[in-house]
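Reader: I'm new to this one. Could you walk me through it?

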Amino acid sequence: MEGSSDSAELWRLTWQHSPIGMTLVGLDGRLLMVNRALCEMLGYDAEELSQRGFQELTHPEDLDTDLQLFGRSLAGDIDSYRLRKRYLHADGHVVWGDLSVALVRGDDGLPLHFISQILDVTEQQEHEERLHAAHAEIEREHQTLEAVFETVNVGLLLIGSDGRYERMNRRHRETMSLPFPDGHDGEAGQLGHVYLQDGKTLMSREDMPSYRAAHGEDFDDYTYWVGDDPLTRAAFSTSARQVRGPSGERLGAALAYQEITDLMRAMQVQDEFVSSVSHELRTPLTSVLGHLEMLCEHEELPSGVIAQLRVVQRNAIRLRALLSDLLHVGQAVEGSLQLQRTTVDLAALVREAVEAARPSAQESGVAVGIDVPEHLPALVDEQRIRQVLDNLLSNAVRYSAAGDSVTVVLRQGADGIELEVRDTGTGIAEEEIEHVFGRFFRGGEALEKHIPGTGLGLNIVSSIVAAHEGAVTLESEPGRGSTFRVSLPHRAG
Ligand code: ADP
């Protein structure tokens, strides 16, 4: 007797303190006995709960399932069942429970009551729902990216950290046969019919865009030609970015291949047109200038006519300068800028250029200063270096206003010759700096203020300096002025 009351007490304690909600349910569904965990779970005290049936505490959408299983137990089809279902808390919010129900029968085999255990799985359920939603979101994003990846008109390629091709899109697959008519083994750097920008030199392995990207390089707009047949060759502009994992580890590289054949051909046509037009125009213009020269010498002509002829002559001279700029640009594009190097005193050359620029500087009220050594002999192409000086000086003056100053400095530096043309003029906007050396580029300020120019001057400067194996750099600040620095490797005569 003693023993059985002890175990009944033990059972009562277990029941009361179980962290799992427990209840004894009558055959009509009423909660005959409930433990503390269930009261806390549903927000009622034991008294309130015992007046309610589980039907009332169940979320309407889950009630049918529960009632069916309850009925089948009573009918003797099953002894027990399990169900994940929603309960309604006293304050109305939903509580998710894992319900286990067992039917208890008396000695006569007739149903007495049910014992139910309910584990609160609301947090778990919410967590699963969030996970599910996140998965769905990832899947949606994946589908969208997949669609974009496959439909864009740009070839896309992913290379793994070991240099193997991991994925490519439709567009890239389609263009692969041009450089690799015999197939590609999926390894970065495979050689094929790939030519440098000149369209003639076969690309080496180290120059191949996939090789460069697979070796950790990022680059933009790398231009080259592909295809064996010069007639059907296609031009591509390729950019690459390294792909990194969350802790910065290198996962591989992504490449985007844009076909730019039409653009390149149009640019070629433009270059050829510019160069042939300027050649064709040069001869008649030389004749015009010659005759003008002779005409102006006729003293018997009325002075009004002479003045008009001088205007015509000035404009013809401007035309000639423009043509010679165009011719120069054409030659530089073809890569045939031939230098005629002789030993030149650069100091004297700078002084001459400054003197030549002085009249127009004075006219605009711009002061010109000069800081050069007595002599500085160097082996350069005199005419071309003079053109560099003229272009930089004329820019410095044209992009300055009355009261500004221009300074030219020439010195022998440790690594070579340094030439600096500084002005206190309008300066150049930051976003324009990278473009000013491009062909036909004209700054916003130049266009706005109608400062005459063609956008060729700096392009010519940079091609001449490059032909001398030197470099030009630019520092500028809008409103404060610009400094152009030319450095030439020293080659004494
Ligand atoms: P152009 O002067 O005929 O326009 P350039 O090639 O010489 O052509 O120069 C390109 C552009 O660079 C100019 O249109 C101007 O916007 C800018 N630029 C060049 N030199 C200067 C300078 N010294 N100060 C301010 N802007 C300059």
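Reader: Which residue of strand 18 stands opposite Glu477?

Author: Strands here are DSSP runs of E, at least two residues long, and helices are runs of H or I, at least four, all numbered from the N terminus. Strand 17 and strand 18 (residues 481–488) run antiparallel, joined by 7 bridges; strands pair if DSSP finds at least two bridges between them. Opposite Glu477 you'll find Gly481.

Reader: Good. What should I know about the model and its numbering?

Author: It's a predicted model, where local features need pLDDT of at least 70, side-chain atom pairs count only at pLDDT 80 or more, and totals for chains, interfaces and linings use all residues. Side-chain values use heavy atoms, leaving out hydrogens and water, and each chain, as its sequence is written, is numbered from 1.

Reader: Which element gives the most residues to the shell around the ligand?

Author: The ligand is surrounded by 21 residues, each with a heavy atom within 4 Å of it. Helix 12 (382–398), helix 15 (457–467) and strand 18 each give two or more. With 3 residues, the top giver is helix 12.

Reader: How far is the polar side-chain atom of Asn395 from an oxygen atom of the ligand?

Author: Asn395 is among the closest residues to the ligand. A polar contact is a pair of N or O atoms within 3.5 Å. For this side chain of Asn395 and the ligand oxygen, the distance is 2.8 Å.

Key: Polar contact = N/O pair within 3.5 Å; in protein donor to acceptor, adjacent residues only side chain to side chain.
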